[in-house]
Amino acid sequence: MESMLSLRSTKERPYKVIVAKLGLDGHDRGAKVIARALKDAGFEVVYTGIRQSSEQVARAAVEEDADVIGVSILSGAHIHHVKALIEKLRELGAEDIPVVVGGTIPVVDVEELKKMGVKEVFLPGESLKKIVDLVRRLAEEKRSTGVAKG
Amino acid sequence: MPRGERMSSDLRNLFSEALSGNLRAMGRLLTALENPYEVPPDVFDEIMARAGRAHVIGITGIPGAGKSTIISRLVREYRRQGLRVAVIAIDPSSPLSGGALLGDRLRMQEDAKDPGTFIRSVSTRGLKGGLSLAALAMVEAFDALGYDKVIVETVGVGQAEVDVTSAAHTVVVVTMPGVGDEIQALKAGVMEIGDIYVLNKSDLPDAQKAYEYLSFALDKGELGVQDSQWRPKLVRTSAVMGQGVSDLISAVEEHRDYLLKDGKFTAKLTSRRITLVRLMAERLLAKGVEEAMSRLEDRVTENALKSKGLLGVVRDLAKEACSAALNP
């Protein structure tokens with residue numbers, strides 16, 4: 001019964017996820033595949049497109065009141081952009097929105113991204129199911145803790 | 001503190017922070033308004049009391065006609081004039097998964113440093129007519145927060161898109177060359193509801209012919225038959241190149257002046273709230289019905305083979321549905 005109820009409430013207000021490409025990087029196939037997989041799993045996906053600045057992504061997440069932000073970066077500039085994004089989110093009082101990163105990220109950078117506050121880093125070859133499941137878990141966590149905070 | 005009171009004070013705080021320009025608070029307030037019947041009455045009333053001044057512009061039309069691009073141009077121009085602009089972009093949700101791909105931001109790249117704009121994407125959540133209850137409540141919120149222009153972009157499903165008229169002061173129907181002949185222009189539905197018609201992509205080869213079809217239909221009084229005292233305007237634009245945007249703005253402002261002069265501006269507010277209240281009441285009832293029907297099978301099984309009692313079950317379920325709607 002409990003699970004049915006939560007399913008119903010999700011149906012009323014699906015989880016909202018921002019999918020964005022940060023920086024000068026036009027390779028959006030991966031981001032589109034992720035966006036589509038999340039849509040098919042019942043998420044509301046706000047796709048912001050390529051060549052977004054960290055300000056734009058943070059602003060979109062705040063305006064949309066997103067549950068999760070997913071950024072795709074294949075340019076190699078992930079450290080710089082993600083750092084800026086997380087700073088911008090903090091400025092806007094939105095540091096509680098979890099950020100996940102995917103793309104061609106060298107394994108040696110994963111720790112550094114996580115230290116900045118990134119919840120998960122998906123490397124090439126990751127299964128869609130695992131990504132969708134993790135995004136759902138992060139969204140659930142955020143909804144259960146973030147409601148009372150103004 | 002009881003849950004209801006806590007929610008009320010949380011939302012009250014959110015609302016006052018949103019009024020002071022806090023974007024994060026605005027985003028959260030809009031989320032709370034996605035189910036407006038759950039908003040505490042004092043907050044709901046204050047939003048309604050503060051709203052009523054914004055000019056609500058509905059933009060509708062077939063997919064790919066260029067609605068989002070036109071809106072990004074309008075936003076830029078209104079910002080230049082110093083007006084605050086909010087955009088509610090509605091996209092369809094999947095009937096299969098309930099998910100949605102909301103892609104209107106893609107063509108509405110906003111200036112992230114400008115505090116005078118706000119874009120919010122909304123999915124239809126399976127509602128017909130494209131204009132969901134959430135969007136309607138958000139119109140009230142943006143209005144209450146002091147936005148001068150609230151632009152509502154609706155799913156371009158074409159001929160079934162008429163709900164938007166009840167929420168918008170000014171309805172702009174966007175079309176483009178190459179999507180049909182004069183018969184298409186005369187068809188019932190979306191082509192009847194415009195106060196202003198935009199032929200976008202007017203740089204395309206077929207544009208002149210399309211323009212002639214449309215102006216012919218307009219002259220014959222076949223388009224925009226909603227208001228007999230307003231003669232619908234036809235504007236040619238090429239939004240990507242920024243052409244015709246100022247013509248569109250003047251047409252929109254002319255329509256606004258017309259509404260204000262005649263007291264119709266306020267009448268539109270009333271009709272928007274009629275739709276809001278109807279949708280809220282319907283949604284509450286639907287929730288009550290869903291709750292009551294969870295007992296349907298048990299009740300009927302008890303009485304199914306008896307000679308009487310089924311009618312009583314029907315009446316009981318209906319009564320329980322009403323009471324569940326009012327006391328969730």
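Residues are numbered from 1 along each chain as its sequence is written, and chains are lettered from A in the order in which they are written. Because the model is predicted, local features need pLDDT of at least 70 and side-chain atom pairs count only at pLDDT 80 or more, while totals for chains, interfaces and linings use all residues; side-chain values use heavy atoms, with hydrogens and water left out.

Chain B holds 12 helices and 8 strands. Helices (H or I, at least four residues) and strands (E, at least two) are DSSP runs, numbered from the N terminus. Of the 328 residues in chain B, 51% are buried, where buried means under 20% relative accessible area, exposed means over 50%, and partly exposed lies in between (1.4 Å probe, protein chains only). Contact means heavy atoms within 4.5 Å. Among the contacts in chain B with a separation of 6 or more, 76% are between residues 24 or more positions apart.

Strand β5 of chain B (residues 149–153) has 5 of its 5 residues buried, so it is largely enclosed by the rest of the structure. B:Lys149, B:Ile151 and B:Glu153 point one way from this strand, and B:Val150 and B:Val152 point the other way. Two strands pair if DSSP finds at least two bridges between them. Strand β1 of chain B (residues 55–61) runs parallel to β5(B) and is joined to it by 5 bridges, with B:Gly58 opposite B:Val152. Strand β2 of chain B (residues 85–91) is also parallel to β5(B), again with 5 bridges, and here B:Ala86 stands opposite B:Val150.

Between the chains, 35 residues of chain B are in contact with 36 residues of chain A. The area buried between them is about 3000 Å², 44% of it from carbon and sulfur atoms; buried area is the accessible area (1.4 Å probe) that two parts lose on being put together, summed over both. B:Arg24, B:Arg28 and B:Arg105 supply 22% of the area that chain B buries against chain A, more than any other three residues.

B:Arg24 also takes part in a helix contact between the chains. The axes of α3(A) (residues 54–64) and α2(B) (residues 23–32) come within 6 Å and cross at roughly 40 degrees, which makes α3(A) oblique to α2(B). A:Arg59, A:Val62 and A:Glu63 meet B:Leu23, B:Arg24 and B:Gly27 there.

Within chain A, α4(A) (residues 78–91) and α5(A) (residues 107–116) pack at about 10 degrees with their axes 10 Å apart, so α4(A) is roughly parallel to α5(A). Angles under 35 degrees count as roughly parallel, over 145 as roughly antiparallel, 65 to 115 as roughly perpendicular and the rest as oblique. The residues of α4(A) in this contact include A:Val82 and A:Ile86, and those of α5(A) include A:Leu113 and A:Met116.

Most residues other than glycine have a negative phi. A:Asp65, however, has a positive phi near 50 degrees; A:Asp65 lies in the loop between α3 and β3 (68–73) of chain A and is buried, with a relative accessible area of 9%. B:Lys201 has a positive phi of about 55 degrees and is partly exposed, at 28%.

Definitions and conventions
Axes fitted to C-alpha atoms, helices over the stretch in contact; angles between N-to-C directions.
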